[in-house]
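Subject: Structure for you to look at

Hi,

As promised, here is the structure we talked about. Please open it alongside this message, and my notes on it follow below.

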Amino acid sequence: MPRRGRRMGPGAGPAPAEKAKDFKGAIKRLFKELKNFRILIYIALILAIAGSILSIIAPSRLSQITDKISEGLVVNRENLEKITTNITSSLGEITAGMQTSDLSNMDISQIPDEIKNSAFKEFEIDGTIISVNDQIEFLDKMSGIGEDMTPEEIYSKIDEMPESIQTVVKPFMDMDAITKIVVFLVCLYLCSALFTFIQSICMTDVANKFAKSLRSRISVKINKLPLRYFDKHQAGDILSRVTNDVDTIAQTMNQSLGTLVSSTTLFLGTIIMMFYTNWIMALTAIGASLIGFILMFVILGKSQKYFAQRQEELGNLNGHIEEIYSGLNVVKVYNGRKQANEKFDILNEKECNANRKSQFLSGLMQPIMNFIGNFGYVAVCIVGALLTMNDIISFGVIVAFITYVRLFTSPLSQIAQAMNSLQSTAAAGERVFEFIDEEEISDEKAVTKRLDKSKVKGEIEFQNVVFQYDNNDKPTINNFSAIAKPGQKVAIVGPTGAGKTTMVNLLMKFYDINSGDIKIDGVSTKELTRENVHELFTMVLQDTWLFNGTVKENIIYNGENIDDAKVEEICKVVGLHHFIKTLPHGYDSIISDNDSVSAGQRQLLTIARGMTQDAPFLILDEATSNVDTRTEEIVQRAMDKLTEGKTSFIIAHRLSTIKNADLILVMKDGNIIEQGNHDELIEKNGAYAELYNSQFEL
Amino acid sequence: MIKLLKNLRKKEWLLALICLILIVVQVWLELKMPDYMSEITVLVQSEGSQMSDIIHNGAYMLGCALGSLISAVIVGYIVANISSTFSMNIRKRLFNKIGDLATSEIKQFSTSSLITRTTNDITQIQMFIVMGLQLLIKAPITAVWAITKILNKSWQWSAITAIAVVILLSVIAVLIVIVMPRFKIVQRLIDNINCVTRENLTGIRVVRAFNAEKYQENKFEEVNNELTSKQLFNQKAFAVLSPTMYLVMYFLTLSIYFIGAYLIKDAMMTEKLSLFGDMVVFSSYAMQVIMSFLMLAMIFMMLPRAQVSAGRINEVLDTEITIKDGTIDKDTTDERGTVEFRNVSFKYPDADEYLLRNISFKAEKGETVAFIGSTGSGKSTLINLVPRFYDATEGEVLVDGVNVKDYKQEFLHNKLGYVSQKAVIFNDTVKNNVAYGDNGKGEITDEKVKKAIEVAQGKEFVEKMEKQYDTDMAQGGTNVSGGQKQRLSIARAIARDPEIYIFDDSFSALDYKTDSVLRKELKKYTKNATSLIVAQRIGTIMNADKILVLDNGKCVGFGKHKELLKSCEVYKQIALSQLSKEELDNAE
């Protein structure tokens, strides 16, 4: 019946769950989050309890069947006695003159038939007429029965009796009563199965929908976190929360909650039922199991230790394997394989030993559980037999207890297991909630201003901008001021780490500046929503980000009102059209991660995507650095098309690409050390001039 | 799976045989128990039976239970032994095999997949062996034995048991047929979820710049919905299993009793008692039969997963080693420190296109030869031919005048000091990281380690650390910066005292100043050593004796910096694209 959850297989064993930092807190939180599913959970839990109760009731009914059947084994004493008294009284008349009253010692055959016929009278028991002849025959057979005969011999005598007597004396099997109980039990079992089924369905529903909502929340959360979060956390970590952790929660919750409730009910219910039925037997059953349980918990405690040890050894071994595999080239060239192998052997052997021990100990659980069951069985039978013989209990009680012992032993180990998986739930839940609770980017509800994309003139002013990354001890951008006039092409040059990309991040409002201001057409970006700012910019980055999808989807991306003709037109401008046409499905070809699309083509695709946006500002962050020189020319041309009439910011190492910029900002250590156009800067003969001239010195 | 099991050794087969015998004993004992049970039942039932008889039978039954427990414990011990040893040996074989694989093969499998194969997949197999050795042997024996025990009792009972087994197995079969294909779909959808999330994470700036948060969320929601609905279907389908299982088992017991009641009713008086006993026995044997069929079904559900793991392990074990070790283990020529490429071409075994075409050059003793070109031009592949990470498809690579294929690898490697693109740091002390491996010249002394670190410009930061040269490095060197890691891995090469240095873009994480100082110091320290340098930065290679310019796997220029600036268009373009950066930081 509702004994769900995985059985403890010999190999599975109680692997130590990943421990939550704050188990209670995590579980509390989990229940809080489950509020929306309250009703379904309550239904499930009530059904679990109901199912358990039914499975406790069942054994007592089953024992009634056994009782009824065994009643059907016993000779109908009452009728036998009636026959005997009738015959004895008849005989009494005969023997009145013969002075023998002992029926069995009398030699019936010596009595003449006439006497018998006149003395014996037909009589009726339960509607069956016992004829005189039958009575005589009965008397005949009975004469051979002595005190020392075994029940089998007596029963075989009965089989030889005349039919009428057999009918009357034969054990009475109360088929009606048995059928009634069977029907009742069938209903009971069906109900119980139905309860279990509905309960599983409810919990599955809850678990999966909860998991789904968690995943959605994580997905939404990702886009609400400040970018600095991603500076500190790896993508893999977040990914594992979306999949592994959420999965763990769903699975373990599904298993543990139902099991915990039904097992506890079963456990308590069985104890109550046992004491209710017969306290001596109850004590016997519990006592017999107790010894086993103590043994089990001792082993469980021990094996936990070894499991932890195995987990640790496995971790060490895996660590070593990972280390060697990922540095295999170095290991080989340095002839470090011997060293690696030696360490591997040691770790491998340690793991093997730890594994052997934990495996063995956890494998003990099942046989011991079986033994407890059998031990309980025998104990119950012996004590039960004693009590039956003294007529304290009926045989059915023993049968009931045989089931109780079984019901009693299984939930405990299930409770232990459920607790274990609840630990995993808590640990996983903690990680998921930690992510969901992460601080979000500042709220923008108070922002009222809005710049219309089509009406923006295109002026940007940096006023004493200061910015510092969270984990840096000095500002990356220090007191940066500059003005970009509408339609200007602004180039930012400088060595790596000078803060060029940071400037882009600030412009896009990915990060909030510490002090100073950035103004678009005189409006501070602080007064604009991020969405509004993003709308005004087209951005093409060095790393070409494409997603799994068709070429067209990748180009249109989030854009609205972009038809196929427009996509094609843009691709022609960028010089992609021909390439796309060579793909198997043209614009509907799927681009996946490791495809035949080269770096240059990927870059062009991202540029095409940028062009669909048609924003007044443009940012190109080293958009050509991944591309070989021939492709760069094409990209360059495409970019020039892109920058026409727009205020653009270009970051590039190649000085030739920025020579025609209206404003060149030379950055170093977060400051602009020079600004002006190419000619002015060359004339100034400063850092830029040095930079530019060095090209020709070599 | 079977193929993998051939790896079991004789001793393990012997143990498995003992296991088999013990399991037979165990089954025998377990099947004996119901006999005693029925005996006890009858005794309890009938009047006038002696208490001593009951205790007697109880003792026998307990004896059986204890015997079965003991044999189960021994089996458990043996199984734990076999499975642990087996997985240890397989893991060892796999580890060794992977050590022998060529870089191209490793790339094909991908390092992370190889790691999973050595860890996860082996654990899967191990679990299966544990389950298999016990259940796979026990279940059929129990089933057959129990069936023979009950077969001649009463055909009605046998029939009802058969029906129960058939119902159970068909429920399981239907479930497997319906659910299994969907499991694969679920797996794919989980991959999709991962993919969409990864996309969002890697492209977070683009997503935000395009105000595409909603777009991503919708995309995620679509996959999420699909996954949830498929998973719900699967799990709901499986929710049928457990109630059905119990229902069938309870109904079976009930039916046996009900049929029993009729049988007893109609029986002769003499047969009644024994029939009653039979009924009790039968119901417990029937349970055994059902349970063993369930166990078998469980194994067959587990088998595919183990099969997949076994396949993945075998795939690695069966990979033919393409890099065969040579025989030469001492110098046979007078040449020292030379590297020569003779018309070398290279392509991956199954690829159509060549990564390198007809490359020829010679690096003389003490020379520095640099390789430059755009990404994907084949620079790294080229120098990886020297330590035989790959073997040239055509042409010859000679070190000290001998084809690298003829050297015993260990001997060849002793001549080389290789520094990889991505610095490799082991989970060990700084000292041991630098003194790593074996250079065939005896142990690398602490003195040498210190000197090597000093040359590699690492002295300052190492000595600033709390335990200096004994500081423990985290795995992957996460407790030091990228530049520091690179300096340590360069120091590792220096400490070996090699004839030939190979730097595979090993200076990229260093700032320009450190880069140039390091190279100057290195030059001073190793006057006679030959260096092969792959670099992205012009500044790093400007002063090389020879520069080889690669473009799409072809050599498009060979000579000195100044010459190439004039003669080689590709080189000139690369140089020009970088000068801005160079000039700001580089004092040269």
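How many residues of chain B are in contact with chain A, and how many residues of chain A do they meet? Before the answer, please bear in mind that this is a predicted model. On the chain B side there are 123 residues in contact, and they meet 117 residues of chain A. The largest share of that side of chain B comes from helix α3 (residues 51-100) of chain B, which supplies 24 residues. Sorted by class, the side of chain B that touches chain A has 66 nonpolar, 39 polar and 18 charged residues.

A few words on chain B as a whole. Its 588 residues include 48% that count as buried, and the chain has 20 helices and 10 strands. If you take the contacts in chain B between residues at least 6 apart in sequence, 79% of them join residues at least 24 apart.

Now over to chain A, where you will find an open sheet of 6 strands. Their order is β8-β11-β12-β5-β13-β14 (chain A), with mixed pairing. The edges are taken by β8 (537-540) and β14 (671-676) of chain A; each has a single partner strand, so one side of each is left without a neighbour in the sheet. On average, neighbouring strands of this sheet are turned by 15° against each other, direction ignored.

Within that sheet, strand β5 (residues 489-493) of chain A runs parallel to strand β13 (residues 663-668) of chain A, and 4 bridges join the two.

T429(B) lies in the loop between β6 (416-419) and α13 (430-434) of chain B. Leaving aside residues up to four places away in sequence, T429(B) touches Y469(B), D470(B), T471(B) and D472(B).

Best wishes

Methods:
Residues numbered from 1 in each chain as written. Chains lettered and ligands numbered in written order. Predicted model: local features only at pLDDT ≥ 70, side-chain atom pairs only at ≥ 80, totals over all residues. Buried ≥ 20, exposed ≤ 12 C-beta atoms within 10 Å, placed from the backbone. Contact = placed C-beta atoms within 7 Å. Nonpolar A, V, L, I, M, F, W, Y, C, P; charged D, E, K, R; others polar. Pairing = 2+ DSSP bridges. Axes fitted to C-alpha atoms, helices over the stretch in contact; angles between N-to-C directions.
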